[in-house]
Amino acid sequence: MLNFSGEGVKAGMFVRDAKDRCPHLEIVPYNFEAYEEIADQFYNILHKHCDKVQALSCDEAFLDVTESEVAGPELLVSEIRKEIFETTGCTASAVIAANMLMVRLATRTDKPNGQCYISPEKVDEYLLPLLIKTLRGIGHVLEQKLKKKGVQNCGQLRMFPKEALQRDFRTKTGEMLWNYSRGVDNRLVGVIQDGR
């Protein structure tokens, strides 16, 4: 796994392809024991502050902080990020939003070592210009079908009634398009659901 974005090298790229694009690239071996130790510390901190934690990887998770006793989500997240740094020496980025869809969409906004809050009042401002290919569940084929209808961003997608989307893209996909273009995601943290 690579985490260098210069020279067209991207995370998750095969090393062979990365070296083709950046011949001077140095590959540093993993230290799995250190990763495991830091990941354990990271998750211990998250569970200390929140009961509902859904792990995504060794260093990424969704938290449902709606029942937190801290004065507000921004303060709580700041405290968690500070404790992660003090305990592990690693910085942490965080997105605060009403649901997992919005958090996932805004994840790129907060890196590295940042904190982003998309309040319910800011969802439309964030989503309307967002390209449809950024939405979860929209692959190349669906993107091309939507582009043939003149849809390139969420604002344009919102112009279609739910019934039309369900007719043209089948019931489940049409409902997903309608919901996601409005920032609606009813998945619950900690409940692993089929993404189809």
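**Aromatic rings and charges in a predicted model**

The rule: rings of Phe, Tyr and Trp (its six-membered ring) pair if their centres lie within 6.5 Å, with planes under 30 degrees apart called stacked, over 60 edge-to-face, and the rest tilted. Take Tyr-30 and Phe-32: their centres are 5.3 Å apart with 40 degrees between the planes, a tilted pair. Then there's Tyr-30 with Tyr-35, which is edge-to-face because the planes sit at 65 degrees, with 5.5 Å between the centres. Put together, Tyr-30, Phe-32 and Tyr-35 make one aromatic cluster.

Are these residues buried or exposed? Buried means under 20% relative accessible area, exposed over 50%, and partly exposed in between, using a 1.4 Å probe and protein chains only. Phe-32 is exposed at 57%, while Tyr-30 is partly exposed at 41%, and Tyr-35 is partly exposed at 42%.

Next, charges over rings, meaning NZ of Lys or CZ of Arg within 6 Å of the ring centre and within 35 degrees of the ring normal. Arg-16 has its charged end over the ring of Phe-14, 5.9 Å from the centre. Lys-162 does it over the face of Trp-178, at 4.7 Å from the ring centre.

Quick housekeeping: residues are numbered from 1 along each chain as its sequence is written. Since the model is predicted, local features need pLDDT of at least 70 and side-chain atom pairs 80 or more, while totals for chains, interfaces and linings use all residues, and side-chain values use heavy atoms, leaving out hydrogens and water.
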